[in-house]
Amino acid sequence: MMKINVQSVNFNADASLIDFIEKKLNSLDKYYDKIVDTEVFLKVQQTSDKENKFVDIKLNIPGNELVVKKQSKTFEEGVMLAVDSLKIKLTKEKEKIRVK
């Protein structure tokens, strides 16, 4: 189980959102088993744009840091998009290690 730190800016993230984020991030272990920890920043932008939720995820792995930023209508959608991007990045990192 990786260490996950969730920070919400300008609002309080409820327990169900944090639980959702942790479940999605813990699924990344299948793609890369040496994840050190993860920082998640959730932010609501005060704007008329419907896509005003920002999700930044910083994933620390040995020797590297992967950062993904997503903007969407809901935090859940943003987290899912970010996790999909991280799956691709982690797969590439694993391939780099295999090649060495």
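This is a predicted model: local features need pLDDT of at least 70, side-chain atom pairs count only at pLDDT 80 or more; totals for chains, interfaces and linings use all residues.
Local features need pLDDT of at least 70, side-chain atom pairs count only at pLDDT 80 or more, and totals for chains, interfaces and linings use all residues. Residues are numbered from 1 along each chain as its sequence is written, and side-chain values use heavy atoms, leaving out hydrogens and water.

Visitor: Which residues of H1 are buried?
Guide: Helices (H or I, at least four residues) and strands (E, at least two) are DSSP runs, numbered from the N terminus. Buried means under 20% relative accessible area, exposed over 50%, partly exposed in between (1.4 Å probe, protein chains only). In H1, the buried ones are Leu 17, Ile 21 and Leu 25.

Visitor: Which residue meets Glu 39 in a salt bridge?
Guide: A salt bridge is a side-chain nitrogen of Lys or Arg within 4 Å of a carboxyl oxygen of Asp or Glu. Glu 39 lies in strand S2, and its partner sits in strand S3, 19 residues apart. The N to O distance is 3.4 Å, and the partner is Lys 58.

Visitor: Is Glu 93 buried or exposed?
Guide: Glu 93 meets Lys 96 in a salt bridge (3.2 Å, N to O). Lys 96 is partly exposed at 48% relative accessibility. At 12%, Glu 93 counts as buried.
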